[in-house]
Amino acid sequence: DPNPDFTGGFSNTFSYKGIDLNGFFTFVQGNEIYNNAGRFMSSGFGGGLDNQTKEILRRWKNPGDITDIPRVSLSFPTGHRTSSRWIYDGSYIRLRQLSIGYNLPASVVQSLKISAARLYVSGTNLWTKTDYISDPEVNTLGTGVTGVRNISTGVDFYTIPQPRTITVGLNVKF
């Protein structure tokens, strides 16, 4: 079920003597993700088209082995078929945005002949807590051949992770 039981976010701003700190968290709880790419990245070498994840080291090797990873072969083994093996918990909490700033004191601002100045550092997607094997914000389906993209909630097919960015800036008011 790709539909979460709960979604939400919370933010807060703290200010003290010209310094401000703002944080914004988002969360999702109770959804599942189907890792469609896992069928190719954790099932054998499939013609050499995909890199393999480290879980393939737990693969079946000998009769009597007990494992959740099928055998490895140069062609697609049985492990690449659609299966509940590729369903994961998609719950997460993410620090979506965090910024800290400093407003220059009035005496400094007046000496510079400006009305205000603020130095800041801001970051997005700085931290994520999830049990999913990759970025849990997914919404893709298709191979590009059909042109179908971004229409299937809860399906991960080589989704590009959310970028982590850090910005340093100076706001000046004249």
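Colleague: Hi! In what sense do strand β3 and β7 pair, parallel or antiparallel?
Modeller: In this predicted model, β3, which covers residues 32–35, pairs with β7 in the parallel sense, over two bridges.

Colleague: Nice. Which residue is the bridge partner of Asn35 in β7?
Modeller: That is Asp156.

Colleague: And what holds paired strands together in general?
Modeller: Strands of a sheet pair through backbone hydrogen bonds, and the pairing can be parallel or antiparallel.

Colleague: Back to our sheet, what is the strand order?
Modeller: The order is β4-β3-β7, three strands in an open sheet with mixed pairing. The edge strands are β4 and β7 (155–156), as each of them pairs on one side only.

Colleague: Let's move on to Ser91. Where is that residue found?
Modeller: Ser91 lies in the loop that runs between β4 (87–89) and β5 (92–103).

Colleague: Is Ser91 buried or exposed there?
Modeller: Buried: the relative accessible area of Ser91 is 9%, and the cut-off for buried is under 20%.

Colleague: Which residues is Ser91 in contact with, leaving aside neighbours within four places in sequence?
Modeller: Ser91 touches Val28, Gln29, Gly30 and Asn31, and also Lys129, Thr130 and Asp131.

Colleague: New topic: what is phi of Lys17?
Modeller: Phi of Lys17 is near 50 degrees, which is a positive value in a residue other than glycine. Lys17 sits in the loop between β1 (6–16) and β2 (19–29), and Lys17 is exposed, with 68% relative accessible area.

Colleague: And what about phi of Lys113?
Modeller: For Lys113, phi is positive too, near 60 degrees. Lys113 belongs to the loop between α2 (106–111) and β6 (116–130), and Lys113 counts as exposed at 73% relative accessibility.

Methods: Residues numbered from 1 in each chain as written. Predicted model: local features only at pLDDT ≥ 70, side-chain atom pairs only at ≥ 80, totals over all residues. Heavy atoms only, no water. Helix = DSSP H or I, 4+ residues; strand = E, 2+ residues; numbered from the N terminus. Buried < 20%, exposed > 50% of the residue type's maximum accessible area, 1.4 Å probe, protein only. Contact = heavy atoms within 4.5 Å. Pairing = 2+ DSSP bridges.
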